[in-house]
Each structure stands twice: as structure tokens, then as C-alpha cells.
Amino acid sequence: MSVQLDARPPVLPAPTTRSHRLSRFDTRYSPYLYITPFFLLFAVFGAYPLAYTFWVSLHDWDLLGTDHAFVGAENYTRLLADADFWHAVVNTLGIFVISTVPQLLAALWLANLLNRQLRARTGWRMAVLIPNVTSTAAVAIVFGVLFGREFGMVNWLLDLIGIDAVGWKSNRFASWVAISAMVDWRWTGYNALIFLAAMQAIPRDLYESAAIDGASRARQFWSITVPLLKPTIIFAVIISTIGGLQLFTEPRLFHSGTNPIRGGPLRESQTVTMYMFENAFAPHYNFGYGSAVAWLLFALIAIVAAVNVLIIRRLGGQTPGGRAAKGDLR
Amino acid sequence: MSRLWRASPLTYAALVLAAFLSIFPIYWMFVVASRSSDAMGQVPPPVTPGGNLGANIARLFGNTDAYFLTGLINSAIVATTVTASVVFFSTLAGFAFAKLRFRGRNALLMVIIATMMVPTQLGVIPLYLLMTKLNWNDRLPAVIVPALVTGFGVFMMRQYAGQAVSTELIEAARMDGCGTWRVYWNVVLPALRPAAAVLGLLTFMTTWNDFLWPYAVLNDPENPTVQLSLRALSDGYYQDMSQVFTGTAIATLPLLLVFVLFGRQIIGGIMEGAVKA
């Protein structure tokens, strides 16, 4: 790929001068020096905490106690029987599904719109990306007000078309929808740009030959664009899974008042990460139990990501057009 | 070269709708920020700016619960330090991975890619215990130091350096007696500038927005980042929404400014990264 830098310049004889030795030392060892900061930092603040989380989760470990008794799997067995934990798992999965599916479909559609001859191309792209750069905390607060029960704009609009006010914070499912709206608002445009980039890499003549064969626009989209986008879609799904299942800031700040870490008085929209915080930090400071939540969440993310990838592979593999298009591309 | 489909009026109509949905919440944030505190109870809700912005700003900075000014200053310190550091260490490591030969290079690169998939947020509890030991709780190093270099940054710079830095140029510099450090500083860094700028912008925005980790480790209400100030405002017992929205608007303003000035580059960076990933 690249020319080897440590190959010695042939013009030089091999005098063992000081500068020569220095230069050999430089080419051999300085690469390690340059990459060390990352590995050092990741070891201390990334890998070690993750492993140590497991260690802590095997102990009865709280803020005040000094002797952290080893309790084995007790935190885990307690957690598996903890109704509040499963409640949070259901909330997280529910919010994940009703946010991710429409989000990725909308992003595909939006990318398809942006992939045309447009006036003010950059302007449109900026307009759809702008939610992604705004502060998550600020957005969560604003949406909390838009979805307010009494004076929220969403309920006011619903009222205009004759729908009764919805308790966006007190009804469990409604709160999932509101939080999903927030997540989608932030990420749809971003994913659309990712899809757009992949769409632009598809050779135009594929569409031309399909058009000559009489395939409609819609047919071309589903039989050429979507199958060829599969790697990008899988990438987006994995990223959405990792982010979506760890959802925290949006639901946390959607609720205010007393004990918002519970995600509403009856834990209507408490996610697993919020449940981890509730146990590990204020008010309980039970580090052992919180760490067990973290590890089960980690397992959940791995499982859901694997399932998602399987589903998408399956869906794509069954499209006959997918294979045809790939054959054409070679 | 064949051409893209032409956009129909329907395309534009759909894009206008998408743009409206994107921009409206941000616009409305500024509307409420410029109105008096009774704007919240009005039916229909106000959609045009009022004349109360100055008074709201004064009340916001005078609010003794939110420490908003401290939050702004802290966030500026954290975001600029982290950005400078991430750009420096990522370009350096990216250069090493793309252009230098060393034992274990490919394996180490795979490790970096793998770290990008690990949800490190799940390590917050031991990280909190670690910060307690270091006596960094409630202090800015706790949010700065763990973020000083990222796998994402190293990988992005490595991808860019592979294609943007000419190997011949590096060779020539080596012939002239440059060590690897001078090659980095005089040849590689200038060539990496466009990508490094995008990385810097993305890092600045992510760091400015970060909520979860500062929320865990900065518990002293008198020493928040700006996002924690927003939380304090929003969780307050008595909610004065025009004041809260003034806070969210000011916290968003630097990001909007960066985006308006460098939006084209940011979009380019996101889309290039997508194709390579």
C-alpha cells in the first residue's frame, strides 16, 4: 500500500554515526510513541472501567460501607427478579422500536429526495442536519414543553383537529411516542445524509438499464437502491442500537419536578440507563447493583444488535432484485 | 456520466416540510426566550418573537440556582481543551497508522475500530469511583481527561491520511534528514488540515453537548457545565419557562454559529466518513 519508511535509503553507506542510530531508533519506535496516548487513555478510562464494572457487580458495594463484601451473583439474581428493572427494559425496547423503525424509513425517503438535481443543495442538507447539532439537553427541555398536557403545542394542534388532549408524560405509551419523536427529530437528517452518501456511490447506469427494462421509479428504489445500501443500513442499525438502548438524556430531561430520574411518577419512561443511574448514584448509591444493571444492559445491546443484523440480512437476501443488481455491479 | 433525476415540485414540497420540522423547535425556542413568562399559558401558542429577551437574559444570569455563567465558561474550557487535544493526538496516531510501518500495526488498528463499538458509557460507575480516588470529582479534569483522544478521531484521521498525504513528499522530507516528528509537523499536518478541521468541529459540538458523564461526576451545583445548568433550570421547583428557554437558546447559540459558518465542511465530513465506513 504505502512505501515502507523503514527501508533504509540505498544511497547512504552504513556508517554507525550518532545521527544514523538516532534515525533508526526514530523510525522503529516513534510510531508506538504516537499511538500510545490513545491506548493509554482507553486502557485507563475505557477498558478498565468496563472490566471493573463486572468486579464491582459481584460485591455489596455502596457509598458509605468500607468493606465491600463479595456476594457472587447475588446482584444479578436480585436484578433478574426486579420488576422495576424489567419495566425499564420494556420501556427501552419500546422506545427503541417506535423510534428506530420510522426513523430509518424516513431517512431513506429523505435521502432519496436529496439525491436529485436540487437548487440550493447545501442549504437543504444543512436544514435537515441542524437538529443533530443542537444541544440534546436543550432539545429535551423544549420537547418537554411542546408535549405539555395543558399548554403544549402538540395537544393544541390535536385539539384543532378534534382529538382530546393526550397526557404525554403520564401515559406510558404516549411518553414513549413523545421521546421517540425527540430522538427521530435529532437523528433522521443525520442518517439521511449517511444514506445519501451511499446512494451517490451507486453507478447511474444501473438505473438507466433498469429504466430501459421498464422498471418504475419505485421499483428501481426498492430493487436497486435499497439492496445496494444494505451495508450502510446495517451500519446505521448497529449505531442506532448502541445509542438507542443507552438512551438517557432525552427521557431524563423530558421529565422535571420531583425525582425525574424515575422517568415519571410510575416510571412511565424510565430507560435502563436511567435505572442504572437511580441505583448507582442519587438516591441509592448502590454501586454493586448499578454495575449489574450496566452489564445486563451491555448483554441486551449485544443481543439486540445481533438480532437486528440477522433480520436485515434476511430481508435483503430475499429480494431477487438485490442479487440481480449485485451481479450487474460486480 | 448520466444525470440525476430532476426534482419535481413535489420533491421541493416534501423538503420544505422536512426543513420546517427540523427548524421549528429551534426557532420556537428563541420565540419563547424573547417573551415574558406568561407566554406559556397563551392559546394559541405564540409563534413570533417578543421584546423580552434582554430582561430574560438578565434574570437568567442573575438566577442563583443555575450558575449559568460558570456553566458557560466551564463548557468553553472543556470543549476547547478536548477539541485541541483530540485533533492533535488523532492526527499524530492517524499519521502513524497510515504512513509508518511498525510491528502489530494492523492488529492495533483493529483494536481501535473495536473500541468504537464498545458502549463505554456503561463504565460510568467505576469511572466515578476512579475519579473519587483521584480527587477529581466535581472538578473539570474529570470530564476533560477521559475525552482527550478518541478511537473515532484516530480512525477518521488514518483514513484521510492514507489518501491525502503524498508518500513521495514524506520520502523527500526523509531524504532531507527530517525525523518522523518533523515529517508530521511540516508535511502531514498541513495536508490533513481539512479533515482535522471537521474532526475538531464534530468534537467541539459533541463535547459541548455532553450530558451523561458530566451529570454523573459534576455534582457540585456551583461548578456545572452549561448542560447541567440547563438541568438545574429545568428541574427547578418554580419553572419560569421563558427563562429556561433563554438558557437553552444561549446554550445552543455557539453550536448554531459553528454550524452556519462551517456547515458545508461538517456535511462533507459526515458523508465522506459514511462511504468509507
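Biologist: Which hand does the crossing of H3(B) and H7(B) have?
Modeller: In this predicted model, helices H3(B) and H7(B) cross in a right-handed sense.

Biologist: And at what angle do their axes cross?
Modeller: The axes of helix H3 (residues 68-99) and helix H7 (residues 151-164), both of chain B, cross at roughly 50° and come within 7 Å.

Biologist: Switching topic, how many residues does the contact take from chain B and from chain A?
Modeller: It takes 83 residues from chain B and 84 residues from chain A. On the side of chain B that touches chain A, helix H12 (residues 241-276) of chain B gives the most, with 14 residues, and the residues of that side divide into 55 nonpolar, 19 polar and nine charged.

Biologist: What about chain A itself, how many helices and strands has it?
Modeller: Chain A has 14 helices and two strands, and 43% of its 330 residues count as buried.

Biologist: Where does UniProt list "transmembrane region" in chain A?
Modeller: The unreviewed UniProt entry lists several spans of chain A under that name, including residues 32-55 and 292-312. In the model, residues 32-55 of chain A are 100% helix, with end C-alpha atoms 31 Å apart, while residues 292-312 of chain A are also 100% helix, with end C-alpha atoms 30 Å apart.

Key:
Residues are numbered from 1 along each chain as its sequence is written. Chains are lettered from A and ligands numbered from 1 in the order in which they are written. This is a predicted model: local features need pLDDT of at least 70, side-chain atom pairs count only at pLDDT 80 or more; totals for chains, interfaces and linings use all residues. Two residues are in contact if their C-beta atoms, placed from the backbone, lie within 7 Å. Helices (H or I, at least four residues) and strands (E, at least two) are DSSP runs, numbered from the N terminus. Ala, Val, Leu, Ile, Met, Phe, Trp, Tyr, Cys and Pro count as nonpolar, Asp, Glu, Lys and Arg as charged, and the others, Gly among them, as polar. A residue is buried if 20 or more other C-beta atoms lie within 10 Å of its own, exposed if 12 or fewer, and partly exposed in between; C-beta atoms are placed from the backbone. UniProt positions are given in the numbering used here, feature names are shortened, and annotations may be inferred rather than shown by experiment. Axes are lines fitted to C-alpha atoms, for helices over the stretch in contact, and angles run from 0 to 180 degrees between N-to-C directions. A crossing is left-handed if the near helix is turned anticlockwise from the far one by less than a right angle, and right-handed if clockwise.
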